[in-house]
Amino acid sequence: MKTYDGPVSDHFNGLHFFDPDGAPPKPLREVLRWQFSGRRERAKWPDWAPSPHVDTPPERVDGGKVRLSFVGHASWLIQAGGLNILVDPVWSSRVSPVGFAGPKRHNDPGIAFEKLPKVDVVLVSHGHYDHLDMATLSRLAKNFAPRVVTPLGNDVTMRGADSTIKVEAFDWHDRVELGGGVAAHLVPTRHWTARGMFDRNKALWASFVLETPAGKIYVVCDSGYGDGRHFRRVAEKHGPLRLAILPIGAYEPRWFMRDQHMNPEDAVKALGDCGAEQALGHHHGTFQLTDEAIDAPAKALVEALDAANIPQERFVAMKPGQVVEI
């Protein structure tokens, strides 16, 4: 497998990327301990859990507004400044190296692929299969030929699978002009990446801060919480933030997932750290990646907000097809 080759930096040692303020991924023995321990308690999800919402987006959104449509899991359509931007698009039925096994969808995408407007830009946060879906990226390239913006090394993955994808790779702290008064900043996030057994952290991972006509939007596709410093640094460098999109699912068991995925209590703390006016919860309810029940993240978010004395309307757990306009 061909991988990134570039200069050494404060987060790349010449072979692997790393987060100086993060934690390395769990070793294989810990993965096996989680998966095959006799004490594992894995909730059973319903085979199909349809969302009551479905969206047919407009062709464009101009002026000072931003329209955000939740596709499902970590996939969004963000319309701003006359641009149509997809984040971590996944329309596949499974998120896996193979099509016949691995986590499967439990509900349809909130936007049917055929109902998408012309896609101008795609943001891909990292290489895990529930975020970088080659089948969807190839389909987008064939239908719309969008720019694809991603952290370093993920471009190697994409080009190796489909040379027609117009991918551009950037480092942490880079600012990318997208047009229409919209720009994307790649910012550090507490996570990791891999596509197989032998390429751990040979590509980079990131969150995004979008500059839009309606204010800045902080898009966190995958992250642990740690001590919150990643979120506080975004507030210091990029604040004030109009909106934060924060992951609230795929967090059990905590001993294994704590360093890479936030639970709702962590996400509420992250909202306080980044200081966004409002937050939307995602990364839950579509693919069963971990052990909690399908509705556990949404219920736990309500409890965490109450415990922190934060109004429920400030942080909403989204369902596929729901739309927010700011």
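Trainee: So at what angle do α6 and α7 pack?

Mentor: The angle between α6 and helix α7 (residues 296-307) is about 50°, and their axes are 8 Å apart. Axes here are lines fitted to C-alpha atoms, for helices over the stretch in contact, and angles run from 0 to 180 degrees between N-to-C directions. Helices are DSSP runs (H or I, at least four residues), strands likewise (E, at least two), numbered from the N terminus.

Trainee: What do we call that arrangement of α6 and α7?

Mentor: α6 and α7 are oblique to each other. Angles under 35 degrees count as roughly parallel, over 145 as roughly antiparallel, 65 to 115 as roughly perpendicular, and the rest as oblique.

Trainee: Left-handed or right-handed crossing?

Mentor: Right-handed for α6 and α7. That label applies if the near helix is turned clockwise from the far one by less than a right angle, and left-handed if anticlockwise.

Trainee: Which residues make the contact?

Mentor: From α6 you have P264, E265 and V268, and from α7 there are P297, A300, L301, A304 and L305. Contact means heavy atoms within 4.5 Å.

Trainee: And by class?

Mentor: The contact of α6 with α7 has 7 nonpolar, no polar and 1 charged residues. The classes are Ala, Val, Leu, Ile, Met, Phe, Trp, Tyr, Cys and Pro as nonpolar, Asp, Glu, Lys and Arg as charged, and the others, Gly among them, as polar.

Trainee: Before I go on, what ground rules apply?

Mentor: It's a predicted model, so local features need pLDDT of at least 70 and side-chain atom pairs count only at pLDDT 80 or more, while totals for chains, interfaces and linings use all residues. Residues are numbered from 1 along each chain as its sequence is written, and side-chain values use heavy atoms, with hydrogens and water left out.

Trainee: OK. How many residues of α6 are buried?

Mentor: 8 of its 11, so α6 is mostly covered. Buried means under 20% relative accessible area, exposed over 50%, partly exposed in between (1.4 Å probe, protein chains only). Two aspartates, D266 and D273, are among the buried residues of α6. Just after α6, G275 takes a positive phi of about 75°.

Trainee: Switching to α4, which residues are buried there?

Mentor: H230, F231, V234 and H238. They cover an arc of only 100° around the axis, so they sit on the same side of α4. The arc is that of the directions from the helix axis to the C-beta atoms.

Trainee: What covers them?

Mentor: The cover for the buried residues of α4 includes β8 (182-187), β9 (207-212), β10 (215-219), β11 and α6 (264-274).

Trainee: Which residues other than glycine have a positive phi?

Mentor: H73 has one of about 55°, and A250 has one near 60°. H73 is in the loop between β1 (66-72) and β2 (75-80), and A250 is in the loop between β11 and α5.

Trainee: Are those two buried or exposed?

Mentor: H73 is buried, with a relative accessible area of 2%, and A250 is buried at 6%.

Trainee: And F100, buried or exposed?

Mentor: F100 is exposed, with a relative accessible area of 67%. F100 sits in the loop between β3 (83-87) and β4 (121-123).
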